[in-house]
Amino acid sequence: MRIKGLILQHYRNYDALELAPDPGLNVFEGQNAAGKTNILEAVFLCALGRSHRTPRDSELLKEHEPFGSVRLFLETRGGSRSIRIELYDGERKKVYLDDTLTARTGELMGCLNVVMFSPEDLQLVKDGPAERRRFLDMELSQLKPAYYYNLQQYNSALKNRNLLLKESPVRYDMIELWDEQLSKLGSRIIRDRALFIDELSGIAHSLHAEMSGGKEQLTVTYEPSVPYADEDRLMETLQEQLTDRLERDIFRGYTSVGPHRDDLGLILNGRDVRIYGSQGQQRTTALSLKLSEIELVRKSRGERPVLLLDDVFSELDGDRQARLLEVVSGCQALVTCTHLEEFAEIESLAMQVWHVENGKVSEV
C-alpha cells in the first residue's frame with residue numbers, strides 16, 4: 001500500500017500543494033510551524049475521516065477561506081483508489097471514495113491503512129485509560145469497519161442512557177431499553193478488543209525485546225470493566241452489571257460499567273510501566289504498541305500500511321532510531337524533522353528529502 005499523490009487546496013497553511021511521495025522513506029524537514037505536520041494530518045484525515053489534532057473540521061481550512069480540499073491517490077494490492085475530502089466553513093465535510101460521494105465517513109475505514117506516531121503518543125502509556133481506549137478504537141476501526149459502526153452506535157446509546165440517569169423522575173423503562181442496546185453492542189466491542197489484544201501482545205513483546213536489545217520483556221493484557229470468563233454469556237453478564245449498578249449510576253449521573261471503562265495492562269519486566277517506567281521505557285513501550293500495528297495490518301490486509309512519524313526521531317537516541325528504521329523497512333513512510341542531523345548516525349539510509357518552509361514544499 002502506498003500513496004502515489006497528495007493534493008491540498010486551502011488546507012491549513014497551504015494555498016496549494018501537489019506531492020508525489022517516494023515509495024520508501026520520505027523525510028520532510030523544516031522549522032516548527034512550517035507545515036510539516038499538516039501534510040501528515042491530511043493523510044491521516046483521508047484514512048480515518050478526521051484529524052488527529054482537532055475534532056473541528058473548520059480548523060483545517062486555511063484562514064479566511066470558505067472551502068478547502070484534500071485529494072489522495074493510493075495504490076493497493078487490489079488496485080488504484082482515490083479519496084477526496086471537501087471542507088466547508090460552517091458546513092459538514094463531504095467525503096468521496098473513488099469519486100463517489102459516501103453516505104457515511106465510516107466507508108473510508110480500511111481503504112487507506114496508516115500507522116501514526118508523534119511525541120504526543122507518549123500519553124498512550126503515561127496518561128489514563130481514555131488514551132489507550134482511543135488507541136484500540138482507531139486501530140480496530142481501520143482493521144474491522146464493523147467495529148467502527150458498533151462503536152458509533154454504542155457511544156450514541158451510552159450518551160442517551162447518561163442523559164436519562166440525570167432526569168428526575170427516573171424513567172426506568174427507558175433505561176432498560178438502552179441497557180439492552182449497550183449489552184448487545186458492548187459485548188461485540190469487548191470480543192473484538194480481546195481478540196485484537198491477543199494478537200497485539202505477541203507482536204509488541206517481540207518488537208520491544210528487539211528495540212531494547214533483549215533487556216526488557218513487555219506484556220500487554222486486556223483489562224475490561226466487565227468480567228467475561230464465559231464468553232457465551234458476555235452479553236447477559238454486561239446487562240446484569242448494568243442492572244446491578246443502576247442505583248449507583250443514578251446517584252453519580254454516569255454509566256460506570258462497559259467497554260467505555262476498559263484499559264490496557266502494560267507490564268515491563270514484572271512492573272507496571274504506566275506507573276513505574278522511566279521516560280525512555282514508556283517511550284519504547286508506546287513505540288512497540290504503535291509499530292505492532294504494521295504486522296497486524298500486514299496479516300489482515302496482505303500488505304503493509306503507510307507509516308506517519310511526526311518529529312519522533314528527535315525523541316530517540318541513535319540506537320533506537322536505527323532499530324525503528326529496521327522495523328519499518330518495507331513501508332512507505334512519511335517522517336518529519338527539524339534537522340537532518342537527526343539521521344546522520346544512520347548509515348546507508350536511502351530517503352527522499354523534502355524541504356518545507358512557509359507552506360511550500362520542495363525536493364532537496
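Helices (H or I, at least four residues) and strands (E, at least two) are DSSP runs, numbered from the N terminus. The model is predicted: local features need pLDDT of at least 70, side-chain atom pairs count only at pLDDT 80 or more, and totals for chains, interfaces and linings use all residues. Residues are numbered from 1 along each chain as its sequence is written, and side-chain values use heavy atoms, leaving out hydrogens and water.

**Exercise 1. Describe how helix α5 packs on helix α9.**

Step 1. Two packed helices are described by the angle between their axes and the distance between the axes.

Step 2. Read both values. α5 spans residues 172–211 and α9 spans residues 279–301. Their axes come within 8 Å and cross at roughly 125 degrees. Axes are lines fitted to C-alpha atoms, for helices over the stretch in contact, and angles run from 0 to 180 degrees between N-to-C directions.

Step 3. Classify the angle. α5 is therefore oblique to α9. The cut-offs: under 35 degrees is roughly parallel, over 145 roughly antiparallel, 65 to 115 roughly perpendicular, and the rest oblique.

Step 4. List the contact (heavy atoms within 4.5 Å). From α5 come F196, E199, L200, I203, A204, L207, H208 and M211. They meet α9 residues including L287, L291, E295 and K299. The residues of this contact divide into ten nonpolar, six polar and three charged.

**Exercise 2. Find which residues of helix α10 are buried, and where they point.**

Step 1. Apply the cut-off. Buried means under 20% relative accessible area, exposed over 50%, and partly exposed in between (1.4 Å probe, protein chains only). In α10 (residues 318–328), R320, Q321, L324, L325, V327 and V328 are buried.

Step 2. Look down the axis. The buried residues of α10 fall within an arc of 160 degrees, so they line one face of the helix. The arc is that of the directions from the helix axis to the C-beta atoms.

Step 3. Name the partners. These buried residues pack against β3 (25–29), α5, α9 and β12 (306–310).

Step 4. Check the end. Just after α10, G330 takes a positive phi of about 100 degrees.

Notes:
Ala, Val, Leu, Ile, Met, Phe, Trp, Tyr, Cys and Pro count as nonpolar, Asp, Glu, Lys and Arg as charged, and the others, Gly among them, as polar.
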